[in-house]
Amino acid sequence: MGEPTPDVVVVGGGVIGLATAWRAAGRGLSVTVCDPAPGSGASTVAAGMLAPVTEAHYTEQALLRLTLDSAARWPALAAELADATGIDPAYRETGTVLAAADGGDLAMAEELHAFQQSLGLSVDRLTGREVRTLEPMLAPGIRGGLFVAGDHQVDPRRLIRALLAACATTGVTVRPDRVSAVRTDGDSATGVVLGDGTSLAAGQVLLAAGCWTGAIDGVPEGVLPTVRPVKGQLLRLQVPEQARPFLRHNLRGIVRGASIYLVPRADGELVLGATMEEQGFDTTVTAGAIYELLRDAREILPGITELTVTETQAGLRPATADNMPVLGATALPGLVLATGHFRNGILLAPVTADAVAAVLAGEATPEVARPFSPDRLVRPPSPMAVR
Ligand SMILES: Cc1cc2nc3c(=O)[nH]c(=O)nc-3n(C[C@H](O)[C@H](O)[C@H](O)COP(=O)(O)OP(=O)(O)OC[C@H]3O[C@@H](n4cnc5c(N)ncnc54)[C@H](O)[C@@H]3O)c2cc1C
């Protein structure tokens with residue numbers, strides 16, 4: 001007797017694939033995740049800011065609704081994961097301080113503040129003195145800033161470990177297989193072809209392979225939107241015990257017009273990021289990027305030069321043509337998508353998992369996720385199209 005056919009095969013075990021697999025299994029579906037190296041993509045590089053408000057300038061209105069909705073789900077999701085697995089994903093309600101280095105940076109912060117207020121978001125405007133009261137390690141010359149009480153953080157690496165454990169406890173099978181193609185019977189998706197050429201049949205296929213989603217063959221033309229990699233480089237530093245807390249909140253800086261962020265963890269890790277580069281599938285770490293991040297960070301936080309650098313890294317954010325995610329059913333029956341989360345995949349994991357699990361269970365796409373249907377980005381090829 002062969003293996004039983006799962007209801008769903010999930011291609012990709014990053015935060016999106018694993019969270020959705022867990023939620024789908026929680027709805028009684030049998031789920032198999034295929035990934036040669038679960039958690040090895042963007043999710044393990046991410047800083048873990050949960051920042052619907054300070055990221056609002058990158059987003060459209062519908063996406064803002066999605067990010068706010070997801071942020072509201074985080075406390076319960078983190079508690080549920082910790083309860084189910086004993087692994088705490090380190091969700092922390094730190095709030096976020098934004099510091100402007102000079103007069104031009106302050107003007108940018110004020111513009112951002114006006115935009116956030118026009119969206120009805122809760123943000124406080126701070127003088128230089130008020131910013132430094134919140135974060136005493138900041139440079140004396142900081143001109144002013146903002147405080148966002150609702151933008152928090154989680155540790156993505158702990159999150160992945162917790163999701164893998166939660167998947168195991170709900171009966172999700174995680175297979176270390178690369179998927180080379182989606183299998184179809186002409187009308188619908190019927191499973192996947194693995195890297196070794198064998199097939200795995202499934203009731204439905206969920207593509208959640210981040211920026212590698214487009215490399216999976218077998219999907220008819222006009223079904224998959226393009227997903228491109230946007231490179232981000234960052235570094236991790238360690239704050240010695242006697243110097244903690246080095247920062248009390250997530251810190252964003254505007255330094256001569258450039259944006260940086262620092263995310264302090266309870267265990268002394270401090271994540272400094274990140275570049276935004278259109279370099280294709282390149283994950284090299286460059287001296288120039290690390291130099292610029294440290295140079296800008298030192299300007300607002302001089303003490304950073306005393307810290308130990310523990311890691312430098314580059315990851316690939318999955319981005320669509322409109323930089324918004326693609327969630328839900330595709331034009332090919334049985335094929336569902338959850339990718340394109342770009343700068344906010346950690347933040348968007350809870351709402352994505354709940355919405356896409358609902359679709360996999362045969363329900364209508366929840367209202368908040370409807371604007372993100374893959375249809376908006378793809379047009380079926382015309383029958384007359386010459387290739
Ligand atoms: C520098 C940086 C900082 C970031 N900071 C934040 C942040 O602070 N907050 C936030 O919300 N987001 C942040 N992000 C964005 C976030 O990391 C991504 O949006 C999110 O991780 C995407 O998750 P994913 O599961 O879709 O993709 P990934 O994590 O990339 O996972 C894709 C998975 O698919 C697997 N895979 C690929 N091809 C195949 C195949 N053929 N068969 C099977 N499996 C396959 C890979 O092995 C991988 O495990 C950051 C990203 C970067 C790069």
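This is a predicted model: local features need pLDDT of at least 70, side-chain atom pairs count only at pLDDT 80 or more; totals for chains, interfaces and linings use all residues.

Biologist: Into which domains is the protein chain divided, and what distance separates their centres?

Modeller: The domain bounds come from an automatic or database domain assignment, and they give domain 1 (8-46 + 157-226 + 321-377) and domain 2 (96-149 + 229-319). The contact takes twelve residues from domain 1 and ten residues from domain 2, where two residues are in contact if their C-beta atoms, placed from the backbone, lie within 7 Å. Taken over C-alpha atoms, the distance between the two domain centres is 31 Å.

Biologist: Which residues come nearest to the ligand?

Modeller: A residue is near a molecule if its C-beta atom, placed from the backbone, lies within 6 Å of it, and there are 43 residues around the ligand. The shell draws at least three residues from each of domain 1 and domain 2. Those that come nearest are Gly-14, Gly-41, Gly-210, Gly-232 and Gly-345.

Biologist: How many residues of the shell around the ligand are nonpolar, polar and charged?

Modeller: Here Ala, Val, Leu, Ile, Met, Phe, Trp, Tyr, Cys and Pro count as nonpolar, Asp, Glu, Lys and Arg as charged, and the others, Gly among them, as polar. With that sorting, the shell around the ligand divides into 22 nonpolar, 17 polar and four charged residues.

Biologist: What span should helix H4 have, and how far apart are its end C-alpha atoms?

Modeller: Helices (H or I, at least four residues) and strands (E, at least two) are DSSP runs, numbered from the N terminus, and H4 covers residues 103-118. The expected span is 1.5 Å times one less than the number of residues, so the 16 residues of H4 should span 22 Å. This agrees with the model, in which the end C-alpha atoms of H4 are 23 Å apart.

Biologist: Which residues of H4 are buried, and on which side or sides of H4 do they lie?

Modeller: A residue is buried if 20 or more other C-beta atoms lie within 10 Å of its own, exposed if 12 or fewer, and partly exposed in between, with C-beta atoms placed from the backbone. The buried residues of H4 are Asp-105, Ala-109, Leu-112 and His-113. Because they cover an arc of only 105° around the axis, an arc being that of the directions from the helix axis to the C-beta atoms, they lie on the same side of H4.

Biologist: Which residues are exposed on the other side of H4?

Modeller: An α-helix has 3.6 residues a turn, so residues three or four places apart point the same way. The buried residues of H4 are covered by elements that include strand S4 (96-100), strand S5 (124-127), strand S6 (144-148) and strand S14 (250-255). On the other side of H4, the exposed residues are Gly-103, Glu-111, Ala-114 and Ser-118.

Biologist: How many of the residues of helix H8 are buried?

Modeller: Helix H8 takes in residues 349-360, and its buried residues pack against elements including strand S1 (8-11), H1 and helix H3 (61-85). H8 is mostly covered, and the number of its twelve residues that are buried is eleven.

Biologist: Is Arg-256 buried or exposed?

Modeller: Arg-256 lies in the loop between S14 and strand S15 (258-264), and it has a positive phi of about 50° although it is not a glycine. Because it has 11 C-beta neighbours inside 10 Å, Arg-256 counts as exposed.

Biologist: Where is Pro-245 found, and what is the omega of the peptide bond from Arg-244 to Pro-245?

Modeller: Pro-245 is found in the loop between S13 and S14.

Biologist: How far apart in space are Thr-94 and Arg-248?

Modeller: Thr-94 lies in the loop between H3 and S4, and it counts as buried because it has 21 C-beta neighbours inside 10 Å. Thr-94 and Arg-248 are 154 residues apart in sequence, whereas their distance in space, C-alpha to C-alpha, is 6.9 Å.

Methods
Residues are numbered from 1 along each chain as its sequence is written.
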